[in-house]
Amino acid sequence: MFEASPDLSVNTVAEIVRLALAPVFLLSGIGAFLNVLASRLSRIVDRSRDVEPMLLASRGAEHDRWIEALEILDRRMSLINWATGLAVTSAILTCLVVVLLFAANLIRTRLGTEIAWLFIGSMLTIGAGFAVFLLETMVAGRAVRVRSELLQHKVDEGG
């Protein structure tokens with residue numbers, strides 16, 4: 001059975017806090033990453049709102065270009081949402097690591113394997129979030145290329 005009150009000396013608590021510090025710093029980094037993702041999503045949404053009226057007012061080839069621009073923005077929004085979900089999942093798993101580090105000492109049980117699996121899960125999900133973010137930045141980079149017809153455009157100076 002469990003002891004009525006575990007012996008939590010200052011040294012024991014200090015050791016638990018020391019062990020929990022690395023995951024807490026990881027949470028800070030995940031928070032910064034989430035801030036970047038939220039900022040990118042906000043800019044994508046703003047851009048899509050700017051494109052919508054231009055799409056509705058356009059015809060022909062111009063209309064097709066605006067449709068393509070909106071499709072790219074929609075793809076980017078989807079990728080940012082996936083990256084955000086993965087980063088939040090990683091943060092939740094990291095929080096569980098910290099909680100279990102303390103709980104294992106409080107109830108004097110061995111949860112090392114569970115803590116290790118949660119940390120591995122956290123690293124896998126944040127890694128996947130970074131990979132999806134990389135994909136989104138690649139989609140964004142391809143989308144901002146200057147059309148070749150604009151680069152070859154000549155001004156008629158005989159006007």
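Modeller: One term to start with: partly exposed means a relative accessible area between the buried range, under 20%, and the exposed range, over 50%. Also, this is a predicted model.

Colleague: Okay. Is Arg40 buried or partly exposed, and why?
Modeller: Arg40 is partly exposed, because its relative accessible area is 24%.

Colleague: Which residue does Arg40 form a salt bridge with?
Modeller: Glu136, with the closest N and O atoms 2.8 Å apart. The two sit 96 residues apart, Arg40 in helix α1 and Glu136 in helix α3.

Colleague: How many salt bridges does the structure hold?
Modeller: Two. In the other, the side chains of Glu136 and Arg76 meet at 2.6 Å, N to O. That pair also links distant parts of the chain: Arg76 is in helix α2, 60 residues from Glu136. Shared partners join Arg40, Arg76 and Glu136 into one network.

Colleague: Are Glu136 and Arg76 buried or exposed?
Modeller: Both are buried. Glu136 has a relative accessible area of 0%.

Colleague: New topic. What about the largest nonpolar core?
Modeller: It has 18 residues, and Phe33, Leu37 and Ala87 have the most contacts inside it. Helices α1, α2 and α3 each supply at least two residues of this core. The most come from α2, with eight.

Colleague: And the surface: where does negative charge gather?
Modeller: In a patch of Asp64, Glu68, Glu71 and Asp74. Asp64 lies in helix α2, which covers residues 60-106.

Colleague: Last one. Which residue has a positive phi although it is not a glycine?
Modeller: Arg108, at about 50°. Arg108 is in the loop between α2 and α3.

Key:
Residues are numbered from 1 along each chain as its sequence is written. This is a predicted model: local features need pLDDT of at least 70, side-chain atom pairs count only at pLDDT 80 or more; totals for chains, interfaces and linings use all residues. Side-chain values use heavy atoms; hydrogens and water are left out. Patches are made of residues with over 30% relative accessible area and no salt bridge: like charges are joined within 9 Å, nonpolar side chains (Val, Leu, Ile, Met, Phe, Trp, Tyr) within 5 Å. Accessible areas come from the Shrake-Rupley method with a 1.4 Å probe; for residues, only the protein chains shown count as cover. A salt bridge is a side-chain nitrogen of Lys or Arg within 4 Å of a carboxyl oxygen of Asp or Glu. Lys and Arg count as positive and Asp and Glu as negative; His and the chain ends are not counted. The place of a charge is taken as NZ of Lys, CZ of Arg, CG of Asp or CD of Glu. Helices (H or I, at least four residues) and strands (E, at least two) are DSSP runs, numbered from the N terminus. A nonpolar core is a set of buried Ala, Val, Leu, Ile, Met, Phe, Trp, Tyr and Cys residues joined through side-chain atoms within 4.5 Å. Buried means under 20% relative accessible area, exposed over 50%, partly exposed in between (1.4 Å probe, protein chains only).
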